[in-house]
Amino acid sequence: MQQLFDFLALHEMTIYFVILSVFVGIEVIGGVPTVLHTPLMSGANAIHGVVIVGAILVMLNVDPTNYGALALGFLAVLLGTLNVVGGFVVTDRMLEMFKKK
Amino acid sequence: MNHFITSLAYLIGSTTFIMGLKMMGNPKSARNGNMVAAVGMVIAIFATIFFHDNTVSPIVYGLIFGAIGLGTVMGWMTAKQVQMTKMPELVSLFNGMGGACAALIGLMEYHHNIGKTGALLPIVAGLIIGSVSFSGSIIAFLKLNGTMNQPVRLPSYNMLNNAVMLGVLAFGAWVIMASPDNSAILFALFASALVYGILFTIPIGGADMPVVISLLNSFTGLAAAFGGFLYDNKIMLTGGILVGSAGTLLTLVMCKAMNRPLSNVIFGAFGGGAVAAGTSSEKGSIKDISVSDLATLMNYSKKVIIVPGYGLAVAQAQHVIHELETILEERGVEVKYAMHPVAGRMPGHMNVLLAESNVSYDKLVEMEDINPEFASTDVVLVVGANDVVNPAAKNDPSSPIYGMPILDVENAKNIVVNKRSMNAGYAGIDNDLFYNPKNSMLFGDAKGVLTKLVAELKTMD
């Protein structure tokens, strides 16, 4: 029990942060027309590419003589970049279609 | 100092994510919204690389920039070159990459945190969710591009699936508690999560893939958020949770558009036993129509409604259909497009495709608004759509698509369905509409047939 309280006390701000973000996410998507569902899903897909920040953080702490970790880290950054770049570019291509004539 | 710069960059990044998503909710600002979020992402990534207090060897920097450079070129080229019809599977593929990235972070961070339950929780959670999202997305990708087009059902599938899920969760919980310092165990956990991702996605029919992709999308968001929890990194938290919650809501909205609960999509796959119910024999005959007859019919119509489906996208017929629309309008025929919310492989898929060929926005009419108009329509031309016009959704409770709202095309005076063959639609079920006395079939590849139709119309004045 004490452990749980300690955990909550330590992460109080983060927990607030999480709860508020959940509502922001719901609020922001509310009332979006069907037409935009696919681009929106694709845009959201690009945004979770932010996981690349974690991959970079791992890499910055890797021991440069540990080749296995370097290889995994390289792969993680590569995959994260694909998610970010591919995601935003595909979304842009979809939304390009909606330009005014 | 470094700390303040990254904090500021993350603050800017988080704000752009929220603004970007908000702007993407409106057709006018959507493209800029995407751009805003992308700029925020770039700021966050570069701040992470340059402003930290670690001493980092040049090799590591080289690898980071190498990976980013390579990823940018590959991602950019793939995204730019892919055909519009292939976009849904590409989104799924990129989603899988993000999931894999989250899983790899978990694999690497585990050893640094052995014995620290508080840190292992987000690590293991990120590893499991990321892996499920990765393997699930790859299966969704294979299903959408047609490599794997039959839903796979084993006996007592749901039970097996749930048992595996509980097994993976229990395994994960044990790893967090016992924190064994053993790579083999960690990789076993990784592998079992991958297997669950496959089992989760494999029984789901192709028509439900959009919902699955959207769900896996929010999973990846969640995995990213766990990463944020681990590093106490605000931008991973905001980005991840925004996508997690927005993605979940989007998933539910899509299910609502199909009038099916999410549980039904996940557990009650299309293509099960009900499909066999009633194949043709006693349903009467099917009529053919020739291109010239159809041209005459359309030329003397007052109002034509076009129902686009995935077949249109596959045949790349979006330009020729616009040509057909233009030529009919010149003859004084009113032409509209009936947009079913789940036509194609993703909600809004058809809108994107038709917009590509410059079809005017106001001609694309959503289902609720167009349904009352069918009664006053002379010809409905269904191009490559099937399930969204299948009357079984209304009057056959045993049909797997029962309850899904459909376009009421049978109210029109004439129905013409263009299909390549008599094969069933993506949901794998027969369509009674084809046996309707008002219906005629126009067999052939959409692009070829429509091109002939346009040519035929041009000869009539």
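Patches are made of residues with over 30% relative accessible area and no salt bridge; like charges are joined within 9 Å, and nonpolar side chains (Val, Leu, Ile, Met, Phe, Trp, Tyr) within 5 Å. Accessible areas come from the Shrake-Rupley method with a 1.4 Å probe, and for residues only the protein chains shown count as cover. The model is predicted: local features need pLDDT of at least 70, side-chain atom pairs count only at pLDDT 80 or more, and totals for chains, interfaces and linings use all residues. Residues are numbered from 1 along each chain as its sequence is written, chains are lettered from A and ligands numbered from 1 in the order in which they are written, and side-chain values use heavy atoms, with hydrogens and water left out.

One nonpolar patch lies on the surface of chain B. Leu8(B), Leu11(B), Ile12(B), Val39(B) and Ile43(B) form this patch. Together they have about 430 Å² of accessible area. Helices α1 and α2 of chain B each give two or more residues to the patch (helices are DSSP runs of H or I, at least four residues, and strands are runs of E, at least two, numbered from the N terminus). The largest share, 3 residues, comes from α1(B). Leu8(B) is found in that helix.

Chain B also meets chain A. In this interface, 96 residues of chain B are in contact with 77 residues of chain A (heavy atoms within 4.5 Å). The buried area is about 8000 Å²; this is the accessible area (1.4 Å probe) that two parts lose on being put together, summed over both. Carbon and sulfur atoms give 80% of the buried area. In chain B, Arg31(B), Met108(B) and Phe229(B) lose the most area to chain A. Together they account for 8% of what that side buries.

Side chains of opposite charge can pair when their charged atoms come close. The count between chain B and chain A is 1 salt bridge (a side-chain nitrogen of Lys or Arg within 4 Å of a carboxyl oxygen of Asp or Glu). Arg31(B) forms a salt bridge with Asp92(A), with the closest N and O atoms 2.9 Å apart.

Over all chains, the count comes to 10 salt bridges. One of them joins Lys363(B) and Glu329(B), at 3.2 Å from N to O. Lys363(B) lies in the loop between α14 and β3 of chain B and Glu329(B) in helix α13, so the pair ties together parts that are 34 residues apart in sequence.
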